[in-house]
Amino acid sequence: MGRHHARALRALDGVQLVGVVDPAGDPQGAVHGTPVYAELAGLLARGVDYAVVACPTGAHEQVGLALADHGVAALIEKPLGGSARAAERLVRAFEGRGLVAAVGHVERFQPVLRELRRGLPELGRLGQLVTSRQVPLGGRAAQTGVVQDLATHDLDLVRWLTGREYAWLAARTVRRPGAAVESAAAVLGELAGGLLVSHHVGRLGTVRERTVAVTGEHGRLVADLLTGTLLRAGPAGERLTRVPAAPDALTAQHRAFAAAVAGLGGQPVPLREGLRAVELAESVLARAAVSEGVVV
């Protein structure tokens, strides 16, 4: 993910990428001559206005706390921390010092999801929201379970789209043979006000899917994040529109954070929203561990 952040930062007006920290150097040639430091201390000694933390989740806390101690603003990738306690310590560190900090819940900046959010009032009373996120097997499969890696996106999205909090959760997870972490998860929940939600996430083969569907009393909206299309269905029929994808979500996220650091009113995703996503992910795993389903 770090190379994607480097690309976005290099293209951002008013921002200069002055250094990258990676003990492995730059084997993929992603930083195009930008100085690479083996340790964070080297970058801090050089001096920066803000940093993007895109290292493995387990290192977020250590790196984030070091940045806070040095008064450096930070955009930290999701999930915010490897546990809710780690995420809470990060929130307190940056808030306690009055530093600008945000979490990289980049899906909130997806143009098609922003269009879906604007269209929710046309559905009337909402009844059901369903998300599906499937990705191919990859290098992260052996390290990070799909709840922490994938479901945190959707657990956050639902709260942002609807402005409602989860009131109830249930879940089931499965592992591929030989896997150390869960490979797929099904989550059922209810939001305040009685809105039923379900999330399906998986890393099971070659399939890739990212959809969000919302059903209300007057129709249905379905966003496809891979094609950038929004389907509107109602009494008058169906209409499929392609939502312009410029700027892309990652660029929009970086623009918002850079503006916030500069005091220009940017609205990145607050760290506390990242903390809540981690808390919900832990609740999902806890409910999956004590499933009370009925054998039929």
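**Entry 1**

I noted first what a strand is here: a DSSP run of E, at least two residues, numbered from the N terminus. With that in hand, I placed leucine 188 in strand 8, residues 184-191. I kept in mind that this is a predicted model.

Is leucine 188 buried, exposed or partly exposed? Its relative accessibility is 36%, so leucine 188 counts as partly exposed. Leu188 makes a nonpolar surface patch with Trp168 and Leu196. I wrote down about 270 Å² for that patch.

**Entry 1: aromatic rings**

I searched the whole structure for aromatic pairs and found one. Tyrosine 50 and phenylalanine 257 form it, edge-to-face. The centres are 5.1 Å apart, and the planes make an angle of 80°. I looked up where the two partners sit. Tyrosine 50 is in strand 3 (residues 50-53), and phenylalanine 257 is in helix 7 (residues 249-261). The pair links distant parts of the chain, 207 residues apart. I checked the accessibility of both partners. Tyrosine 50 and phenylalanine 257 are both buried.

I turned to strand 11, residues 219-224. Which residues make its covered face? I listed Gly219, Leu221 and Ala223. The uncovered face has Arg220, Val222 and Asp224.

On one side I followed the pairing with strand 10, residues 209-216. These two strands run antiparallel, joined by six bridges. A hairpin of two residues connects strand 10 to strand 11.

Next I followed strand 12, residues 229-234. Strand 11 and strand 12 are antiparallel too, with five bridges between them. Here leucine 221 has arginine 232 as its bridge partner in strand 12. This hairpin has four residues between the strands. In its turn I found glycine 228 with a positive phi of about 70°.

**Entry 2: serine 283**

I located serine 283 in helix 8, residues 271-289. At 31% relative accessibility, serine 283 counts as partly exposed.

**Entry 3: a record for residues 1-105**

I looked up the UniProt annotation. The unreviewed entry gives "domain: Gfo/Idh/MocA-like oxidoreductase N-terminal" for residues 1-105. I checked that span in the model. Its end C-alpha atoms lie 13 Å apart. The span is 37% helix and 16% strand.

How values were computed:
Residues are numbered from 1 along each chain as its sequence is written. This is a predicted model: local features need pLDDT of at least 70, side-chain atom pairs count only at pLDDT 80 or more; totals for chains, interfaces and linings use all residues. Side-chain values use heavy atoms; hydrogens and water are left out. Rings of Phe, Tyr and Trp (its six-membered ring) pair if their centres lie within 6.5 Å; planes under 30 degrees apart count as stacked, over 60 as edge-to-face and the rest as tilted. Buried means under 20% relative accessible area, exposed over 50%, partly exposed in between (1.4 Å probe, protein chains only). Patches are made of residues with over 30% relative accessible area and no salt bridge: like charges are joined within 9 Å, nonpolar side chains (Val, Leu, Ile, Met, Phe, Trp, Tyr) within 5 Å. Accessible areas come from the Shrake-Rupley method with a 1.4 Å probe; for residues, only the protein chains shown count as cover. A salt bridge is a side-chain nitrogen of Lys or Arg within 4 Å of a carboxyl oxygen of Asp or Glu. UniProt positions are given in the numbering used here, feature names are shortened, and annotations may be inferred rather than shown by experiment. Two strands pair if DSSP finds at least two bridges between them.
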